[in-house]
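Here is a short note to read beside the model. Please keep the sequence and the 3D view open as you go.

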Amino acid sequence: EGGGGGGGGGAGARAGGAGAGGAISPALRVPMQVALDYLGYRVTAQPWLRLAAPVYGGNGAEVHSPPPGLAVPVERLMAHAAERLHLAKHRVMGEMDLHCAGDVEVHLGSDDRVYLLDLARSFPAEDAQATRHLPVVGQPVFYRMLRPELLRLLRRRALLPQLSPDAFTGFSRGDPNAAYLERNSTKATVYLLETVIPRFARELADRVMTVGLEETPGPGSTSSVLPPGARRLRSSDKKDAVPGPVPSSSSSTTTTTSSSPGSGASSSSSFREPVSSDLHAHGINVRHLGLLRSMVPASAATKPARDTLLVEMVARTLKNMLRGWLRGQLREDRYPSEYRLSTVVVGMLNFLVGPEATSSSGSRSGGGGDGGVSASGGFKRFWALAAIERHARFGTSEAEFDGGPAAGRKLWEQVRPLRGRVVRYLCKMAAVRVSDKSLRQFDAHLDAERRRGERREGR
């Protein structure tokens with residue numbers, strides 16, 4: 001998720017998703033976990049385990065030592081997992097050296113298996129001082145983590161030593177190497193911001209996202225075993241490129257557009273939402289979408305890629321706002337009817353149709369204290385709130401952000417030609433079912449609006 005979004009439930013949803021990470025060693029068990037998004041809330045469900053007292057790790061208040069008979073095997077298991085994940089052994093709360101974050105718990109179960117719990121902070125945090133493009137909401141050190149793909153890159157290329165998941169936190173008090181470990185985490189953050197993200201932006205700008213393999217592999221060539229959608233790196237890419245597939249037409253949501261000389265079509269037009277798997281494969285967190293888009297130069301050739309990044313940010317922002325509205329409706333009506341909840345969703349979608357759709361109804365979109373907006377006369381306020389929310393989640397590509405009506409107007413003008421994609425993507429992410437008839441009417445509205453605009457411009 002994009003980090004730092006305002007509004008209740010966002011941090012909890014992020015923590016729930018982060019806690020679902022898995023263990024590396026086959027001898028370490030992580031309970032299966034299911035995350036359910038329901039009416040604006042995220043519910044996590046785990047099996048009931050019969051566990052003994054913790055044998056390793058901590059619970060935020062104390063650090064647990066393994067019993068004598070388990071000390072060596074548990075230490076060996078955790079050391080192996082930490083080496084694979086590129087995590088540094090470090091002193092926690094001045095008491096004990098651990099291979100994991102200070103609030104990760106390791107338990108012995110009644111089945112004599114070793115279980116890992118509370119893995120929300122499994123990975124090192126970004127240096128919040130280095131990510132100046134992101135607003136500080138709450139305590140970012142507890143929810144803005146580096147991607148495991150980035151850690152694998154650092155490990156594989158020996159770019160940095162192992163990193164501490166407790167850097168920048170109170171868990172590192174009493175660690176004689178705390179300053180050294182924090183510097184390494186800062187370097188990893190800077191490497192992400194100044195090398196990994198700019199290189200991915202250049203790939204988009206160079207329109208290489210859908211080229212595929214640049215050469216046809218011959219018999220016995222190692223290129224023949226590359227996964228679908230991967231491409232051979234050029235010599236100029238190899239120094240700092242992050243291994244992993246690049247976006248391709250293999251995605252079910254991808255629309256491949258062939259370009260011919262002089263057609264003006266960009267091969268980056270096949271770079272379509274959702275983009276999270278493409279970013280993650282390169283070690284980039286979704287919350288850096290704003291920074292990534294600012295690094296893709298604005299031009300006719302790169303417009304499809306920039307549009308995709310904007311659709312991704314806006315749809316995720318509106319999904320977060322919709323969840324807040326649904327939670328507010330539940331607080332207002334303890335047992336709301338399906339009609340009331342549908343009205344909330346329709347109110348959100350009407351703000352994407354245009355001001356004429358919201359001014360014709362007096363229904364209320366959202367309730368409680370979650371930023372509900374009156375559909376009557378609330379169009380400008382809605383987009384001002386959306387601009388603020390997008391800024392909170394993804395930063396901004398603008399030099400300045402005042403959070404006022406001007407920001408909302410600018411966002412609406414950017415989204416307006418992309419509304420069809422935003423609506424469909426928002427509905428898909430929020431699991432909202434819209435009838436085919438309604439979608440056809442929406443498309444007809446957009447076509448009529450486009451034709452009116454063309455007539456006004458005298459095309």
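1. Start with the overall picture. This is a predicted model. The protein chain has 13 helices and 11 strands. It runs to 459 residues, and 48% of them are buried.

2. Five strands build it, in the order 1-9-8-4-5, and their pairing is mixed. Strand 1 (28-29) and strand 5 (63-64) are at the edges. Each has a single partner strand, so one side of each lacks a neighbour in the sheet.

3. Strand 4, residues 51-58, pairs with strand 5 in the antiparallel sense, over two bridges. Which residue of strand 5 is the bridge partner of G58? That partner is V63.

4. Helix 2 (residues 68-85) lies across strand 1, strand 4, strand 8 (105-109) and strand 9 (114-117). Its angle to strand 4 is about 55°.

5. Finish with R155, which sits in helix 3 (residues 148-156). Is R155 buried, partly exposed or exposed? Its relative accessible area is 35%, so R155 counts as partly exposed. Beyond its neighbours within four places in sequence, R155 contacts E83, R84 and H86. R155 and R84 are 71 residues apart in sequence, yet their C-alpha atoms are 8.5 Å apart. The R155 side chain also reaches the backbone oxygen of E83, at 3.2 Å.

Definitions and conventions. Residues numbered from 1 in each chain as written. Predicted model: local features only at pLDDT ≥ 70, side-chain atom pairs only at ≥ 80, totals over all residues. Heavy atoms only, no water. Helix = DSSP H or I, 4+ residues; strand = E, 2+ residues; numbered from the N terminus. Buried < 20%, exposed > 50% of the residue type's maximum accessible area, 1.4 Å probe, protein only. Pairing = 2+ DSSP bridges. Contact = heavy atoms within 4.5 Å. Axes fitted to C-alpha atoms, helices over the stretch in contact; angles between N-to-C directions. Polar contact = N/O pair within 3.5 Å; in protein donor to acceptor, adjacent residues only side chain to side chain.
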